[in-house]
Amino acid sequence: MLKLSVLDQSPISEKKTAADALMDTIVFAQKIESLGFTRFWVSEHHNAFNLAGSSPEVLLAFLAAKTSKIRLGSGGVMLPNYSSYKVAENFRVLEVLAPGRIDLGIGKSPGGNPLAAKALKNGEDWKADNYLQQINDLLYYMEDNLPNDHPYYGLKATPIVTSKPDTWLLSTGGSSVQIAAKKGLSFNYAHFIHPIGGPSIIQSYKDNFVPSIFHKEPHAIVTTYFVCSNSEEEAEELALIFDLHLLLIQKGIQPHGIPSIETARNYTYSPSDKIIIEQNRSKILIGTPETVKNQLLKLQIEHGVDEVMLVSLLSDIDIKIKSFELIADAIQLNPQYTMYK
């Protein structure tokens, strides 16, 4: 059985504000919960004018109050920007607010441009050299087991809670895969960022997994961009939004809002642009519900996972919700839910 989840980046359309985008995320989360999706994660991006999610912890607290059963998480908290102690306390508070429903997804990228990264470090140059130690400290705080020789021995991350968030490492490969395996943590592979080599990366995670107090067996998710509509033609038109947005990012151009279909259609693409777009298409599942369903099942089998997380750059909330309704219906996530009610 295939489980589906969502990573929402709170995309800002050309004609709306960041406030609109965040309110859309709330509506979206409630709809996703009703459709039978497993979890709903929100992202961290700084100094961005196209994505509104800069503080996943704050947004998750509001989402916890507006939902009742779906798992909520960060996709993710960029750990090198922060104190492990503060992250542990933030997510312990969230666990109190929504016990048994919180996922702490962490990554080691800056989450923004160099200026934003330096500001987050209070003037220090951004670096992830201490990432492993930060993860170790975070797990110590979450488990209340700082070793005797730790400089902060005796310190507690409060509030003291009886349950704990599930900790995930987010990555496209590298050392994070091995850290997740050796620490016995969950692992989320970002296919939507780097669509090459995922099956071998996840297999490496499984092969090297060491059972821990967190998990007895490996648990992996693949996250991918996705566009679904009633016809292939409609899906291809919506995919133009992804094409232009990803192209601009790769060219170092900061988009002021997610482009509309009209903007994407009227953009003048160079021959090199078209090559980049063709390469980026490997990051996106595109088509009708049946087509996307088959692509999802193929992705599931290739990566050896039982859960796929979907990301959409669509900023029109009605069109976005419709695409998720279509795939939920095709996969039959919740037989009691009928999209036509």
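Analyst: A crossing is left-handed if the near helix is turned anticlockwise from the far one by less than a right angle, and right-handed if clockwise. Helices (H or I, at least four residues) and strands (E, at least two) are DSSP runs, numbered from the N terminus. This is a predicted model, where local features need pLDDT of at least 70, side-chain atom pairs count only at pLDDT 80 or more, and totals for chains, interfaces and linings use all residues. Residues are numbered from 1 along each chain as its sequence is written, and side-chain values use heavy atoms, with hydrogens and water left out.

User: Which hand does the crossing of H1 and H2 have?

Analyst: The crossing of H1 and H2 is right-handed. By the rule above, the near helix is therefore turned clockwise from the far one.

User: What makes H1 oblique to H2?

Analyst: Helix H1 (residues 18-35) and helix H2 (residues 56-66) pack at about 40 degrees, and their axes are 10 Å apart. Axes are lines fitted to C-alpha atoms, for helices over the stretch in contact; angles run from 0 to 180 degrees between N-to-C directions. Under 35 degrees counts as roughly parallel, over 145 as roughly antiparallel, 65 to 115 as roughly perpendicular and the rest as oblique. The H1 and H2 angle falls in the rest, so H1 is oblique to H2.

User: Which residues meet in H1 and H2?

Analyst: Contact means heavy atoms within 4.5 Å. Leu22, Thr25, Ile26, Ala29 and Gln30 in H1 meet Leu59, Phe62, Leu63 and Lys66 in H2. These residues divide into six nonpolar, two polar and one charged. Ala, Val, Leu, Ile, Met, Phe, Trp, Tyr, Cys and Pro count as nonpolar, Asp, Glu, Lys and Arg as charged, and the others, Gly among them, as polar.

User: Why is leucine 63 called buried?

Analyst: Buried means under 20% relative accessible area, exposed over 50%, and partly exposed in between (1.4 Å probe, protein chains only). Leucine 63 has 0% relative accessibility, so it counts as buried. Leucine 63 lies in helix H2. Not counting residues up to four places away in sequence, Leucine 63 touches Thr25, Ile26, Ala29, Phe40, Val42 and Leu72.

User: What makes tyrosine 205 and phenylalanine 209 an edge-to-face pair?

Analyst: Rings of Phe, Tyr and Trp (its six-membered ring) pair if their centres lie within 6.5 Å; planes under 30 degrees apart count as stacked, over 60 as edge-to-face and the rest as tilted. The whole structure holds eleven aromatic pairs. For tyrosine 205 and phenylalanine 209, the centres are 5.8 Å apart and the planes 75 degrees apart, so the pair is edge-to-face. Tyrosine 205 is buried, at 0% relative accessibility. Phenylalanine 209 is also buried, at 11%.

User: Which residues form one aromatic cluster?

Analyst: Phe28, Phe37, Phe40, Phe226 and Phe324 do.

User: Why is serine 10 called buried?

Analyst: Serine 10 has a relative accessible area of 1%, so it falls under the buried cut-off. Serine 10 sits in the loop between strand S1 (3-8) and H1. Its phi is near 50 degrees, a positive value in a residue other than glycine.

User: What joins glycine 75 and glycine 76?

Analyst: A cis peptide bond joins them, with omega about 0 degrees. Glycine 76 is in the loop between strand S3 (71-74) and strand S4 (77-78).
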